[in-house]
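Hi everyone, thanks for making time this morning. Have a look at the sequence and the structure on the screen, and I'll talk you through them.

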Amino acid sequence: MNPENYIILSGLLFTIGALGVMIRRNAIVVFMSIELMLNAANLAFVSFARINGTLDGQVVAFFVMIVAAAEVVVGLAIIVTIFRTRRSASIDEPNLLKY
Amino acid sequence: MIGTGAVVAQTAPLLAPLNAATGIFQYIWVLIALPLAGAIILLTTGSLLKRWGHIIGVATVGVSAILGIIMLLEMMGRSADDRAFGQTAFTWVFAGQFDVDVAFQLDQLSMVFVLLITIVGTLIHIYSIGYMAHDPDRKRFFGFLNLFIAAMLLLVLADNYLLLYVGWEGVGLASYLLIGFWQYKNSAAAAAKKAFVINRVGDVGLSLAIMLMFVTFGSVTFSSVFANAGEASDSTLTWIGLLLLLAAAGKSAQFPLQAWLLDAMEGPTPVSALIHAATMVTAGVYLIVRSNAIYDRTVFAATAVVVVGVITMIIGAIIGSAKDDIKKALAGSTMSQIGYMVLAAGLGPIGYVFAIFHLLTHGVFKANLFLSAGSVMHGMNNGVNMRRFGALRAAMIITFGAFTAGYLAIIGIPPFSGFYSKDKIIHAAFEQSNIVGIAGVLAAGITGFYMTRMIVMTFFGKARWEDDAHPHESPPVMTIPLIILGFGSAFTGMALVYWGDIETWLTPVTGLEERELAIPTVVLEMLTLATVLVGVGVAIWIYRRSVPIEPPQKVSVLTVAARQNMFDDAINDVVAVRPTWYTARFLVWFDNRAVDGFVNGLAAAVGGVSGRLRRIQTGFTRTYALVMVIGVLAVLTALGLVMLP
């Protein structure tokens, strides 16, 4: 199968993720969309590694996974805390950090 | 010039190098150091030595005076071209081409000044012991007096203009401190400030003159400036001459900077006698005579000096004729007499010697008159209004005697001092110009008038004393200096002419020129004497009967003007004070509106713009995400445009 298709798939997934971040209000869904973008990027890394015949992209993909795991821990903890204090997981509610 | 006669004899000043100071002349610096040490001790030891302060003050100046007399005797034993000594104490400023030493020059001119300052200074110090006996701050007073003596000696002993400037400022400071000695009196504090500010105008002239000399001659020592004066351009010399004249006018209370002297009488009377009659106010005359090499080469500046002298001589005499305050009348007289000296100094080599001659005799007899006035005030509860004096000659016979000696000296009755010195000046003035000569005779007549008015109002007529006044003679500590100065007033002139031969003495420093005169000297002397006697007669005729206690209001315009010091305050107000005030007000307005307006406007603009810009921070996560995506897309697009061909 042509590896370029994977690149296209990666682009589609990234776009869906980005749109999800911008459009959705539920913090959990927004968080999922971010994960989708990260994994789209991972897919692109792996595909390019395959195309170029080097291992660099695969190594980076592992690093991304690790960072993503750590990020999930922090991110989910924040979301849970916000939910506990405000009784809502809406991303529009906590807008205190403004002018 | 109208009355210029043919030159009979001419002697140029000697510009010989100074002799190294040997023998007694090694101690030139001690002359200054002693009073300076006295001032430092008196001003830094607080209430310590309080009971002995005046002894220290008198002793330091007295030893300086004795040292000065020894130096004079030593100097008189030498030949005329061997009488100038130079001594370098240490290098003061050494920067590139600018090289100034603290160095002293003792020549015939400095010598007579040293004697005048120290001897009259010692007498006035002794007098002050009695005059200030009841003042709790007498020690501070003596400290200031010593500081003045030290600064004045530095002024006349300096061998360069920069060191002279230090002394010049020093005497200005001492004058300020002493005029305002009773600083709790508002009038005294204001008078001190006025004297200081007006003197500052003159000091600017002196500092500019020094700068101009350094630029022109590359040095500020007397010897090199005078030796090279011939090489400078006429306009440069004229400017130096005019700037030095400005300096002299400030220090010597000459027109147009004369306004401070009358107010300066707020100080204690010994201060008026020492600083504002005998010594400091004559520093301007010293400066002009010392700079004779410059004035000899610039007719314009020299003529300006004569004009200033004549104007001051006349207005001072008129002011002196209208004042009821005995000290202010004497202050007007001082202005007038210094006007004579300045006039003589402006005449060139025919006048320098007589300017200094009159300065010396005036220093003695005016100190005498002021101290006598102080003695009268001492016996009259510190009253100064002559309309409340009268018939005091019986009550204070010694004071009356001293005052009379000073009176005869200042109006120029032969053989008293003023006769010799003033007639010499009038003679020299006629040699140069008839108009100046006539002005001199006229001023001598007015002098006769106001001095007679003063002595009649104070010592003769009926007693017009205030109810609580009990006139009494002053203690011996005050009357003994008066007696000495009284004899000095009588005989200084004669001594300097017949024994000291002042003309020959000063000629090596100043040069001398004599001219043929159309009218014989005797006729001129008779003319002057007759004019003086007319003035005396008019004064006796007016004041012989009663003197009203309240000053009469129906008086001539001239009297009104004289009572207001020739409107000098009003003129200064229009010429200097108000323009400064308006400029300041405009600048405040400009600062508030234009400068602050610009700065505040800028701040308001930044504030306003940022107030609108902060609305971008909505707090919505989605907005930030959108901005981020747009940013990434923009960067990628830009990169794509650059990278892809």
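Starting at the N terminus, the elements of chain A run α-α-α. Chain A has a radius of gyration of 16 Å, well over the 13 Å that the globule rule gives for 99 residues, so chain A is more spread out than a compact globule. That radius is taken over C-alpha atoms, and the rule is 2.2 Å times the number of residues to the power 0.38.

Before I go on, a word on the ground rules. This is a predicted model, in which local features need pLDDT of at least 70 and side-chain atom pairs count only at pLDDT 80 or more, while totals for chains, interfaces and linings use all residues. Residues are numbered from 1 along each chain as its sequence is written, chains are lettered from A and ligands numbered from 1 in the order in which they are written, and side-chain values use heavy atoms, with hydrogens and water left out.

Back to chain A. Its C-alpha trace spans about 50 × 25 × 25 Å along the principal axes. Of its 99 residues, 27% count as buried; buried means under 20% relative accessible area, exposed over 50%, and partly exposed in between (1.4 Å probe, protein chains only).

Now, how many residues of chain A are in contact with chain B? The count is 12 residues of chain A, in contact with 12 residues of chain B, with contact meaning heavy atoms within 4.5 Å. The two chains bury about 1,000 Å² between them, 61% of it on carbon and sulfur atoms. Buried area here is the accessible area (1.4 Å probe) that two parts lose on being put together, summed over both. By class, the side of chain A that touches chain B has seven nonpolar, one polar and four charged residues. For that sorting, Ala, Val, Leu, Ile, Met, Phe, Trp, Tyr, Cys and Pro count as nonpolar, Asp, Glu, Lys and Arg as charged, and the others, Gly among them, as polar.

Let's zoom in on A:Ser88, in the segment after helix H3 (56-86) of chain A. At 17% relative accessibility, A:Ser88 counts as buried. Leaving aside neighbours within four places in sequence, A:Ser88 is in contact with A:Ile82, A:Phe83 and A:Glu93. The A:Ser88 side chain also reaches the backbone nitrogen of A:Ser90 at 2.9 Å.

Over in chain B, there are some backbone features to point out. Most residues other than glycine have a negative phi, and most peptide bonds are trans. A cis peptide bond joins B:Phe255 and B:Pro256, with omega about 0°, and B:Pro256 sits in the loop between helix H8 (234-251) and helix H9 (259-263). B:Pro414 and B:Pro415 are also joined by a cis peptide bond, with omega about 5°.

Is B:Ala391 buried or partly exposed? B:Ala391 is partly exposed, with a relative accessible area of 21%, and its phi is positive, about 60°, although it is not a glycine. B:Met566, in the loop between helix H22 (557-563) and helix H23 (568-613), has a positive phi near 60°. At 18% relative accessibility, B:Met566 counts as buried.

Note on methods:
Helix = DSSP H or I, 4+ residues; strand = E, 2+ residues; numbered from the N terminus. Polar contact = N/O pair within 3.5 Å; in protein donor to acceptor, adjacent residues only side chain to side chain.
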